[in-house]
Structures are given as structure tokens and as C-alpha cells.
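Please keep the sequence and the coordinates at hand while reading.

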Amino acid sequence: MQEISKIHVGLDVHKDSIAVAVAEPGRAAAKVIGTIRHDVPKLLKLLVKLGNTEAVHVVYEAGPTGWGLQRALTAKGYSCEVIAPSKMPRSPGDRIKTDRRDCAQLAECSRAGQLRAVWVPRPEDEAIRDLARAREDALNDRRQLRQQLKALLLRHDVRFPGKTSWTQAHHAWLGKLNFSEVATQAAFMDYWMAVQASDERLKRLNSALLEYVKNWRFAPQVSALQALRGIDVTCAIALVAEIGDFSRFDHPRKLMGYLGLVPSERSSGERTARGSITKTGNAHARRMLSEAAWSYRFKPRLGERARRRQEGLSQQLCAIGWTAQLRLTQRFAKLDARGVHRNKVCVAVARELTGFVWAVAQAADTPLQATQGGTT
């Protein structure tokens, strides 16, 4: 971060309290002012005593309280950055962690320029992400409810004669089931109604997601990502909502590192040791890319659904999508032929798929410029 202020304020933010420390210009240790209630007007009164808005630079770590504090301070003219907790300098010998120490360390590291700020989404971007995560939660809830219903049927040795579950034929078969015990029938009906309610909930969220995305500033990126195999409209929306502005990453390797898809490494001297992927960064986007990579186990082809998704896209985007198919299907087949575990194959393909995701986002019709913050 650039040195743009004279006074650096570190905040350790919790749900009910905020610990405040101030680092003056120079090398003196940060001074802990105290702990106040999590109340923006009270915090603003405290900051006014430190100097004018141009002379104060505020930092705090990203956490469950979201971006409300950053937006409130920015609206009042303060320079406020949200810091990536994983990028905080930590001393290996430090075994004491308190709120007072944390805010003092934030202030001192900010003064030294050792912190990395995260990208702060706009309120409309965060709203789309909230809706995408609500859909993901609904999908997980439906999966669990379906599993509970099938477990009940299995305990009573009731088996569906067809091949595929949760089709129209399967639902028609469920509607004809009748158990001899009244209590069992009541349990079955409760499970089945819960599954049907989860289906309706997921439909509502899907419709709302598609409706709100139409006027979203990242809509061109959502359309462009559908040129890639394994990424439909809901997956594209969720990816863009989690990653945000792709222009933050000037190279695909940085996006791979942000998603935690690069191998860990502990090398020293002539010794080189690499391990499993780091799994840092955004777990939602990493999981979606791993699921999309599973579709590359099939041979390259352009089916009817893929052609519909590519309608209206530029020739350049379609070419990138086809190049990705040729490369990643070959990559999947080679690793699978070598006997590599399927999960590891998907992760390796997902890492390369991230590079094509970055290329497609950069080639979108309306490239976006970074508007806030830095990169993590």
C-alpha cells in the first residue's frame, strides 16, 4: 500500500466491540486508545479527535461483520482499507493474541506498508453474491432432504424400479407409495413434502438470480463464461459474484493462487518439496471450478445446450471455449490413464480451467476497470 496518510489507525472489529490503536509517524510503537462499542457514530467521534479526514488512514481485517464499516468510513471521507487476514505478518514466536495487540499490530504494519487490502465489492455486487450463496445453500439443503428420504425408503427395502431418481417418473412413483404403518406413512409424507418445498425454493432463487443479473455491471462476464464447458448460467453468476472484478489479476497464475488451486511448497536450498493445493482464498469459487472440471472427462463436443449458451457470443469467446475443450479433455484423459485419483485429476483440470476463465473474462465485450481496493 502507498503511504498516503500521516496517522494510521488499526481496528480490531467484533460484533459488539472495536479495539482502536493509533500509529503516529516515525518508529514509535502504536498506542492503544481503548475499546469502544461497535457503533459507527462513536468511532467517528474518536477519529475526529485524531485529525482531519485526509490525515487519517484506517485499516481492519476482513471478517464476518462485512463491509458496512468500510463503506460508512469511506462515505465520511476517510481512507479505509479492509485487510486480508491471511496476509498479516505473523511472528513464529508470538504466542499471545489479544484485541489490543491485534489492533496495534494492524496500525504499525499499515504504517510500514506491509498490508494487502482485499477488493471491496459494491453493494449491488454483494447483493448478487448473497443471492448466489442463498441458492447454493438451498441446493445443499435439497440434497440433504433427498438423501434422508431415500434413506427411509432403503430401510424399508422400497426401491425405485427405474434408472434415474428425481425425474417425473420417480415423483409419480413416490406419489403411489403407501406404507402399512401409519407412523411410517406420516414420516414418509413429511420427508416428501419437505423435498417438494425445497424444489420450489430452488426454483424461486433461480428465477430471482436470473432476473437481477440482467442489469448487473458484470453481466458481460457472466455471458462470456458460458462459452466454457461445464459452466452454465448459474455457475457463471456464482463465479463472477465470488471473484468480482477480473481486472484485478494481471496474470492467470494470480487468479489460480487467489482460488487456492496452486500446489503448496516448502523448499530450502537444494531441496524442493511440493504438496497438495493450498486451498486458500475463495472456497465457493474453487468448488465450482472443480465441479466444472468433471465435465471434461468426456470427449470434445458441442451439444445443443452448449450451442444455446454460446448464442450471441463473439467468435473469439467461442474459440477460447473450444480450445479449452480440446486441451482440458486431453489433460483429463492423460492423467486418468496414468492412474491418478479422479479427485486429483479434477483439481489439476480445474487449475488449468482457471486460466481459460481468466482469458474469457478479459475478452468479454465490456471489460471493467478496478474500482476499489487492491487484490488479495
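**From a loop residue to the fold**

Phe 160 lies in the loop between H4 and H5; helices (H or I, at least four residues) and strands (E, at least two) are DSSP runs, numbered from the N terminus. The model is a predicted one, in which local features need pLDDT of at least 70 and side-chain atom pairs count only at pLDDT 80 or more, while totals for chains, interfaces and linings use all residues. Residues are numbered from 1 along each chain as its sequence is written, and side-chain values use heavy atoms, with hydrogens and water left out.

Leaving aside neighbours within four places in sequence, Phe 160 is in contact with Ala 169, His 170 and Trp 173, where contact means heavy atoms within 4.5 Å. His 170 belongs to helix H5 (residues 168-175). Apart from residues up to four places away in sequence, His 170 touches Phe 160, Thr 164 and Ser 165. Because its relative accessibility is 3%, His 170 counts as buried; buried means under 20% relative accessible area, exposed over 50%, and partly exposed in between (1.4 Å probe, protein chains only). The C-alpha atoms of Phe 160 and Glu 270, which are 110 residues apart along the chain, are separated by 60 Å.

Just after H4, Asp 157 takes a positive phi of about 55 degrees, although Asp 157 is not a glycine. With a relative accessible area of 51%, Asp 157 is exposed. A second residue other than glycine, Lys 279, has a positive phi near 55 degrees. Lys 279 is found in the loop between strand S7 (274-277) and helix H10 (283-293), and is exposed, with a relative accessible area of 58%.

Helix H4 itself covers residues 123-155. How far apart should the ends of its 33 residues be? At 1.5 Å a residue, the helix should span 48 Å, and its end C-alpha atoms are 48 Å apart, which agrees. The expected span here is 1.5 Å times one less than the number of residues.

The next element to consider is the sheet. Five strands form an open sheet in the order S3-S2-S1-S4-S5, with mixed pairing; two strands pair if DSSP finds at least two bridges between them. Strand S3 (31-37) and strand S5 (79-83) stand at the edges, each with a single partner strand, so one side of each is left without a neighbour in the sheet. On average, neighbouring strands of this sheet are turned by 20 degrees against each other, direction ignored.

Strand S4 (residues 56-61) pairs with S5 in the parallel sense over five bridges. Along this pairing, His 57 stands opposite Ser 79 in S5, and Glu 61 stands opposite Ile 83 in S5. S1 and S4 also pair in the parallel sense over five bridges, and Leu 11 has Tyr 60 in S4 as its bridge partner. Is S4 mostly covered or mostly uncovered? Five of its six residues are buried, so S4 is mostly covered.

Helix H1 (residues 40-50) lies across strand S1 (7-13), strand S2 (17-23), S3 and S4, running at about 155 degrees to S3. Helix H2 (residues 68-75) lies across S1, S2, S4 and S5, running at about 165 degrees to S5. Axes are lines fitted to C-alpha atoms, for helices over the stretch in contact, and angles run from 0 to 180 degrees between N-to-C directions.

Elsewhere, helix H6 (residues 182-213) and helix H8 (residues 233-243) pack at an angle of about 65 degrees, with their axes 11 Å apart. The contact is made by Asn 206, Leu 209, Leu 210 and Val 213 of H6 and by Val 233, Thr 234 and Ile 237 of H8. By class, this contact has five nonpolar, two polar and no charged residues; Ala, Val, Leu, Ile, Met, Phe, Trp, Tyr, Cys and Pro count as nonpolar, Asp, Glu, Lys and Arg as charged, and the others, Gly among them, as polar.

Taken as a whole, the protein has 13 helices and seven strands. Its C-alpha atoms fill a box of roughly 75 × 55 × 50 Å, taken along the principal axes. Buried residues make up 42% of the 376 residues. Among contacts between residues at least 6 apart in sequence, 65% join residues at least 24 apart.
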